[in-house]
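Colleague: Hi! Could you walk me through this model? I have a few questions.

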Amino acid sequence: MYVNKVNTHILPIEFEYHAPKSLDETVELLEKYGEDAHVLAGGTDLLPHMKQRRVEPKHIVNIKGIPELACIKEIPEGIHIGALAKLRAIELSPLINEKLPLLSEAARSVGSIQIRNLGTIGGNICNASPSADMATPLMAVDAKVHVYSKSGEKNYPIVEFFHGRGEVRLEQGELVTGFTVPHLPEGAGSAFEKIGWTTLDIATVNVAAVVSLKDGKIDHCSIALGACSPAPIRGVLAEEILRGREPSAEAMDEAVELIATCVEPRERWRRAPPEYRQRTSKALARDAVTRAVEAARR
Amino acid sequence: MSSKPAFKVLGKDTPRQDGVAKVTGREIFASDMAFPNMLYGRILKSPYAHAKVKSMDVSKAEAMGAVTLTPGEIPDIKYCPRLVSVPSSTYKDWKVLAEKGHYVGEPIGAVAAESEEEAQRALESIEVDYEVLGASFDAFDSMKLGADLIHEQIYLEDDLIDVKNNIGCQLEITEGDPASLEAADYVIERTYRTNRRYHNQLETKSVLVRPEPDGGVSIWSTTQTIHNTRLLIHDIYGIPMGKIRVYKVALGGSFGSSIHVNPPVTVAVGLALKSRRPVKLCYTREEDIRDHCAYQIIFKLKLGAFKDGTLAGGQMEAYLDIGAHQIQAYPLLGCVVGWWVSLYRLPYKEYVGKAVYTNKVPCCAFRGYGNPQTTWVVETMMDELAGMIGVDPLDFRLKNFIGEGELFWGQGPTVKSIIRSCGVEEILTKGAEMVDWYNRLKPEEQTGRYRKGWGVGRGFHTSSAGAPVPSSIIDFGGAMLKMNEDGTFDYVSALMDHGCGTQDAHAKIIAEELCVPVDKVNIIRADTGTTVYDVCTHASRGVYSGGGAALKVAGKVKEQIREFAGRILDAYPHAVRIRYDEARGQAVVYAEGIEGREVTYRDVAETARQKNWGTAASVESYRQPSCPPHFTGYFVDVEVDTWTGKVKLLRVVAGADIGTVINPKLAAGQVHGGFAQGWGMTVLEDTPYDPESGDLMNGGSVANYKVPTTCDLLDLEDLTVFFADTYEPTGPFGAKGLGEGALNPVAGAIANAIQSALGVRFFQLPITPIRILEALKEKEG
């Protein structure tokens, strides 16, 4: 029956619309309606999903009326990005471009300008897609996720946020309010690499890398990979083998072999067979680390 | 070389009359229209690839207030939605609402309600009991003995015929001496498989139908032919033609997908007649992608050549995987052989074409109508054959191409004419010079991650399906032109503009003939009641045929202007001359050498009005005398990333022989667009099926059907377009077509470039990064 049901134009389901003005009001609604409620941020994922009937929420909680959630600011611990920050704002923010170019580079790779003008970083993360273009860089920079609920605010490393299979760590009545990115090591370079079938496509594989050098050797190294496992992952083994070594071709060869062992692409993902994702995750990891090293040298 | 006259209007860039409306979003398309009291229609689709509808319960939908339509409420008529061929060549297997779903997405019922949302809810409430049948998703499976018949009986004209082995129709042609091929020094035989591309035209198929008090209907729809729309609605619903008014409305893209009358039109007419209210029905993108696609063809090709580099002959088998219905499969069987044998001289040619039913979305014409597929195959093999003989692939083409003075039957065996203008040599030699072809990099010279390669491909398309004698294809048009009292002109024609600026080309042809600037010629949007018949905008006939009709009426109006002016000036009509006077903003008719003996168009028209002489006007039908090919050639430079399989475009040089160039920037735009579409065809696009669900693997989502955007192409400074210096003596002011030729050789050129970079040849489209990595692994480990 789904051919008669699923489309991206008509929204025949009925729902109640809420536009809370505060965080407390929001989490109260989320607590009250539980799984029947869906948060509306940019809407670039939620609305198509509703039209495609992948979700049929009875309550829509539009959080756009809480402007403080859209902030991008420097704080003592690093940089804070509100969950409602538009991808286009992250792409163009002078602060992000200077301090976290990895994030602006990744934001620029998402869809079209029209999509980025609507889509938010919080939505990109909470949608829990393994190919989310903001997830990989946030993992590579060890970002913390801030979650608000009736019992107050808590935060934890983003690596703990993704459960895989399209699920994230959010309990009933909880709302992601933003992300804090700690200061990167002095002189760190970064790079984001992505392969999709076209410029506007979602990632078949994406990789984010952050590298700092000490006496010509790799000091800090983080590599995150998306769309090649059920959730975005860190290439921990590859990071370890690169630390303390010169970024030589041999070191890279060893590192990317380890990348290939840690990714777990699924056979049923129709976009590309596992072997393709495995091979390109190696290529993209190599490109990302190489470019991050070049940036660190500058 | 050409003997082009000096033109005043043609060959110069002029803005389109609909340009401002389109770039400001003020253009009205069928999907923008609304009438008071209008209902919204939705079509119930078969969720199975092959299933009989045993019963359908619409009571819940009706209880919700919706108007419903079931198969039994529509006249029981089998038809073909494309009315371009003569009846004896037209196979009919369609019904407005089918009692059996032959593919996932086939219309089996419909509803109309006060809003699209209500209509959707009503649609979802319909209960259907199906009997699921065996389905086939591959042409060769369909032809197997014992396979379920998708159609048991179909009509050819009015004769009921039995379908055997799911073969809808077939064509065999043999010409020449088989001994020639047998004597060949080199022979290659291969199987090629093309992709099943979705047109992805911007506007999804849409219609608005208003029932009229006299029992008739007015229709605004996505179409390439208003007159054939009227013919089909007349055939199905029996409404007298004069009571069916099909209005021209801006077309938001088609690429051949609306040559036939679209299912939303036939269904919405039924809903409007039953509800007695206007009904609007717009396909969602997910419905549109399950409505049409390009003809997928599996080719077996054998070509032979002699040591001296001339071709000895060839054999082709073409299996068309046409999907669940015939739209224009039979004429395509003729065109495929036409496309093949009109590229290069073959002393012997043997052809078998079969159109095979599968339980997939029905194929229809898609820019090039089988020519991009055929040319990819031929151009791929020409390269391979050249390598075998040891001649440069460009020289091999130059030695064998069919050109001026030779017989041409691009539109198939019933449409033959002699080529009178040909720019192939100019395109190939000039292009080769521009890219330094003979010093290009070879695959064996490259190792490492990134590898580069140049490829060449050439081709043609017909401009119309005209010929000196009648054929199985109907091809004529017509136009009306009248002079207004201020010296401007109104041009009226049934010919649809796909968005290519075709009607603007007509206006320029009229302006050139009447010695006025193009802004003096207004393009009037009309309907079936106010225009003479035009078959359809297809076959790249818009400029050549439609422009021919425009020139014919412009010539007649000019005669009348001369006649009127002759009376006013007391001069002989055939002796007066016409010039344009910038200062007066008027064309002036004058008797040469006699001072004061002149009169403006405005005064001619005004005098004719006051003296009751009448309006200078003309209505004519026009049949073009020939079917001239327009030729194109592409030189493409690519770089392949052997780690990711991604192919990047570095440089493209394109040459086109379109006779007289009417609007250079629009013509170059056609080439850019043709290249973009060819790029998508070669490296990206396909609609494979999931045999379990019987539905498209992409689930109907364009998010999973990628086409290139401008960001995926190359900068315009790296895409050079040049036009050959030619003049088509049978065309309006020497003009030919371009739309389809701009696409046809692209896949061949890109595929040859990829081969030249990697040393690997591909026999299946698209050549995706996944396939490239697989092939490289096989070659290099």
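Colleague: Where is the place of A:Ile125?

Modeller: A:Ile125 belongs to helix 7 of chain A, residues 121-126. Helices here are DSSP runs of H or I with at least four residues, strands are runs of E with at least two, and both are numbered from the N terminus. One note before we go on: this is a predicted model, where local features need pLDDT of at least 70, side-chain atom pairs count only at pLDDT 80 or more, and totals for chains, interfaces and linings use all residues. Residues are numbered from 1 along each chain as its sequence is written, while chains are lettered from A and ligands numbered from 1 in the order in which they are written.

Colleague: Thanks. Is A:Ile125 buried or exposed?

Modeller: A:Ile125 is buried, because 23 other C-beta atoms lie within 10 Å. The cut-offs are 20 or more other C-beta atoms within 10 Å of a residue's own for buried, 12 or fewer for exposed, and partly exposed in between, with C-beta atoms placed from the backbone.

Colleague: And which residues is A:Ile125 in contact with, leaving aside neighbours within four places in sequence?

Modeller: Those are A:Ala132, A:Met134, A:Ala135 and A:Val176. Contact means that the two C-beta atoms, placed from the backbone, lie within 7 Å. There is also A:Val168, 43 residues away in sequence, with 8.6 Å from C-alpha to C-alpha.

Colleague: Now A:Val110. Where is its place?

Modeller: A:Val110 sits in the loop between helix 5 (101-108) and helix 6 (113-118) of chain A. A:Val110 is buried, since it has 24 other C-beta atoms within 10 Å.

Colleague: What does A:Val110 touch, not counting residues up to four places away in sequence?

Modeller: A:Leu87, A:Ile115, A:Arg116, A:Gly119 and A:Asp133. The C-alpha atom of A:Lys194, 84 residues apart along the chain, is 10.0 Å from that of A:Val110.

Colleague: Switching to chain B: what does the domain assignment give?

Modeller: Domain 1 is 19-26 + 476-622, domain 2 is 33-133 + 201-288, and domain 3 is 296-468 + 626-780. These bounds come from an automatic or database domain assignment.

Colleague: How many residues of domain 1 of chain B are in contact with domain 3 of chain B?

Modeller: 18 residues of domain 1 of chain B, facing 23 residues of domain 3 of chain B. On the domain 1 side, helix 14 of chain B gives the most, with 7 residues.

Colleague: Last one: what pLDDT does chain B average?

Modeller: Chain B averages 97, and 99% of the residues score at least 70; pLDDT is the predictor's confidence in each residue, from 0 to 100. For the complex, the predictor gives an ipTM of 0.96 and a pTM of 0.97.
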